[in-house]
Amino acid sequence: MKAFALRLAVFALMMAAAVDVRAQNLGSTESSEHLIKAGYVYNFAKLVEWPAWATPKGQPIVIGVLGNDDFAAVLSHAVDGKKVDDRVFVVKRLKSRDPLKDCGCRILFVAASESARTDEIIQFQNASSVLTIAEAPDFAKRGGIIALTLGEDSKIRFAINVDAAAQASLTISSRLLTLATIVHTAR
Amino acid sequence: MTLFAKPLKRALSAALAGSLLCGTVWAQDFPDVTAISLEDLMNLKVTSVSKREQKLGVAAAAIFVITQDDIRRSGARNIPEALRLAPGLEVARIDENKWAIAARGFNGRFTNKLLVLIDGRSVYTPLFSGVYWNVQDLLLEDVDRIEVIRGPGATLWGANAVNGVINIITKDASATQGGLVSAQAGTGLLGSGGARYGGKIGSSTSYRVYSKYFKWDSATDDAGRDAYDGWNTGRVGFRVDGGMSAVDTYTVQGDIYNGDYGETLTGPTLEAPYTTTFRNDGQFTGGNVLGRWSHGFDHSRTSLQVYFDRANSAATSLLDDHLNIYDVDFQHDINLSPSNNLIWGAGFRSTHDDAIAGTYVQLNPDQRTWNLFSAFTQDEFTLLKQRLRVTLGSKIERNDFTGFEAEPNGRVLLNISPTQSVWGAVSRAVRTPARTEQDMTLSAAVLAPSAETLGLPVSVRVLGDRDFKSEDMLAYETGYRVNLGRASVDAAAFYNRYSNLLSAEPTAPTLDLSGPMVQLVAPLVADNKMSGATYGSELFAEWKPITAFKLSGAYTYLRMNIDRDADSLDVSTPDPAGVSPKHQFSVRSAIDFGKNVQQDFTWRYVDSLTGLAVPSYYSLDARLGWTPVSHLNLSIAGQNLTNNEHIEFRPDFITTTPTVVKRTYQVMARWTF
């Protein structure tokens with residue numbers, strides 16, 4: 001038992017040393033979902049084309065995140081320093097009460113908690129040529145552009161409403177379309 | 001872009017596994033997700049599946065997740081060996097086909113306070129309250145993860161989730177596309193072979209089919225005699241997953257199996273020397289089929305699960321039982337607001353069994369049907385800018401044996417800082433009677449004739465009783481987690497109060513003139529006259545100084561003060577403190593040498609079981625895995641390498657001969673296409 005206690009003590013010391021190794025924190029998240037979704041958003045940004053008026057040269061691509069500051073932090077870190085067509089990314093955290101039209105967003109990510117604002121978001125998307133990505137499963141069916149959802153198999157899936165994309169004057173690459181579940185606006 | 005996808009994926013999974021355990025991911029450890037192609041992203045799994053599981057992952061409970069990677073790297077040959085990876089579990093091998101597995105005490109071959117589920121299907125048998133571990137098997141490559149929850153989980157999972165819950169979760173069929181063939185052989189394990197093929201039906205449905213067969217040699221008892229405990233099992237199964245969209249998804253899965261096992265059994269006889277030890281054969285066959293449908297709404301998701309399970313266990317000389325279980329479960333998760341989530345659900349289970357008496361065991365009546373209705377609701381909300389998470393809920397069940405049972409719990413989790421959290425919980429759980437505790441007659445022993453017995457042999461019989469009530473527990477738990485990215489610590493402590501625990505009360509002897517030999521019968525009747533408390537703690541720490549090296553350690557401490565009530569006359573029930581180890585300790589190291597070679601060590605120490613005359617032991621296991629070309633993996637593994645021969649457990653009830661754990665080696669090849 002004595003030898004065992006000694007081994008335990010050595011192990012505890014080793015662990016104490018390990019804990020000391022580093023401590024620099026930029027943010028936290030509860031699951032891998034945010035990381036994977038950040039990867040998707042970046043890929044969408046690369047595979048969607050905006051009309052020329054919406055994307056002047058040298059202007060950053062503003063991604064608005066509505067309703068989930070944790071995700072905004074993860075996304076901001078993920079796209080930091082990345083460029084698409086020589087344009088950098090800026091991630092904006094949007095509060096529930098912020099008027100959407102002032103955000104200057106080219107991409108709007110809508111957390112599941114903001115599903116009640118779907119109609120307003122769709123109006124904004126059509127008026128301002130914004131790529132909308134929402135966690136609500138029925139978002140694309142209701143006229144939004146991309147629904148990004150967690151499937152029962154714990155993989156992230158996405159559905160694209162091609163009617164809505166056309167209405168918002170967005171061109172979606174065929175590569176993205178072949179991987180998506182295609183939906184049309186329910187009438 | 002795809003050039004780096006593989007190592008990134010690995011890094012990502014590692015980061016994700018850590019985040020599930022500790023609730024935080026460190027920014028500097030964020031893998032570069034923008035370097036992963038869309039196709040690869042679509043194949044990545046989020047580590048927490050449903051709301052229910054996600055909650056437990058980050059919330060106020062002592063949870064540990066054994067990943068597929070852990071299982072593969074450990075060289076585990078079956079589920080019990082994989083469970084040795086979880087801190088806080090007591091896993092003891094009795095013989096080649098029997099195990100005693102428990103959490104937080106009360107270990108035994110018939111551990112009745114640990115609920116075990118495979119893909120949502122309970123494998124806890126209502127026959128004797130416990131798990132036939134030899135019946136529970138899978139193609140280990142198809143296991144996605146094993147979630148081990150220490151402490152009660154009765155509010156969500158219902159009765160018998162008293163000291164812990166083990167959820168074995170297999171991969172979605174879309175994650176097992178293509179073919180896989182694996183083969184394994186070595187000392188002890190004479191041979192094991194498995195094959196799986198997965199494909200697609202249309203664009204939205206995936207399937208897999210698998211088969212597996214293995215055969216184990218017999219081992220020897222502590223006197224060096226062959227104990228006849230060899231066994232073999234064959235099984236085939238399938239799983240189909242599909243859905244037209246993320247809104248609707250469904251799963252259908254099933255297995256059938258057949259196994260034969262041997263054992264050396266000691267039973268009573270009416271003639272001197274009043275016991276007999278003999279080689280006994282047993283067989284188990286069965287099958288199950290399960291369907292699950294999940295539908296998403298605006299702010300909520302419903303899920304409906306139905307299954308049928310048939311299990312036949314022909315334990316020669318003991319009991320031949322045919323058990324059918326029909327189960328329906330409905331669950332509804334509702335996002336009331338960003339900071340408030342409500343789950344409610346309801347279920348029904350009908351169990352029917354048909355028993356053929358053996359020499360030592362009979363059930364009266366030999367056929368019985370019993371039903372269980374359950375409903376639960378649980379609300380989780382956050383306060384203080386999401387730093388404080390509160391969970392309140394209860395399950396109400398009605399069973400045919402004891403009527404209504406309530407299993408409430410209250411839990412709080414406080415994020416002290418982005419890296420640290422503390423939690424606490426108070427919960428009630430019950431262990432409902434098994435069929436055997438209601439209806440069994442077991443010939444446990446025969447005492448030699450003496451003057452006090454009028455010169456007659458005394459047959460000691462253990463009897464079930466319809467008045468036997470549920471065992472009750474009130475649990476107080478607390479825990480602390482810190483995750484500094486490269487190092488993390490997870491500590492939990494508990495104090496459990498038990499009442500109405502099973503006792504065996506002697507009643508007045510009777511004279512039995514019916515048999516060929518006149519005998520006195522001394523009944524021991526199932527009653528609820530034990531109570532007491534247990535306390536203990538579990539500590540798990542992990543250190544990853546570099547991506548290619550991981551060191552982890554676990555320590556488990558347990559004290560049990562369980563005693564007879566003042567009015568109990570029980571002299572036969574052993575003190576449970578003597579059948580669970582007071583200390584357990586383990587260290588694991590995992591090293592990657594480049595991309596193709598993996599090396600793992602596990603060292604374990606288990607304290608003595610004073611009540612069973614099992615001395616403390618330690619064991620060193622190692623594995624070396626090599627991927628010479630993609631699609632092919634070769635490995636060699638050794639268990640108990642220091643050849644410290646030991647017995648891990650002696651059955652306290654149904655006395656089969658325990659066998660010695662020796663040094664074993666095996667080789668394994670796995671080919672995917």
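**Entry 1: helix H4 of chain A**

I looked up the exposed side of H4(A) and found Asp119(A), Glu120(A) and Ala127(A) exposed there. I note that the model is a predicted one.

I then asked which residues of helix H4 (residues 118–128) of chain A are buried. They are Ile121(A), Ile122(A) and Gln125(A).

Next I asked what covers the buried residues of H4(A). The cover includes two strands of chain A, E5 (107–110) and E6 (131–134). I also checked what comes after H4(A): Ser129(A) follows, with a positive phi near 55°.

**Entry 2: helices H2 and H3 of chain A**

I turned to helix H2 (residues 33–47) and helix H3 (residues 69–79), both of chain A. Their axes come within 9 Å and cross at roughly 55°. An angle from 65 to 115 degrees would count as roughly perpendicular and one under 35 as roughly parallel; H2(A) and H3(A) are therefore oblique to each other. I recorded their crossing as right-handed.

Which residues make the contact? From H2(A) I listed His34(A), Leu35(A), Lys37(A), Ala38(A), Val41(A) and Tyr42(A). From H3(A) I listed Asp70(A), Phe71(A), Val74(A), Leu75(A), Ala78(A) and Val79(A). Sorted by class, the contact of H2(A) with H3(A) has 9 nonpolar, 1 polar and 2 charged residues.

Technical notes: Residues numbered from 1 in each chain as written. Chains lettered and ligands numbered in written order. Predicted model: local features only at pLDDT ≥ 70, side-chain atom pairs only at ≥ 80, totals over all residues. Axes fitted to C-alpha atoms, helices over the stretch in contact; angles between N-to-C directions. Helix = DSSP H or I, 4+ residues; strand = E, 2+ residues; numbered from the N terminus. Parallel < 35°, antiparallel > 145°, perpendicular 65-115°, else oblique. Left-handed = near helix turned anticlockwise from the far one by under 90°. Contact = placed C-beta atoms within 7 Å. Nonpolar A, V, L, I, M, F, W, Y, C, P; charged D, E, K, R; others polar. Buried ≥ 20, exposed ≤ 12 C-beta atoms within 10 Å, placed from the backbone.
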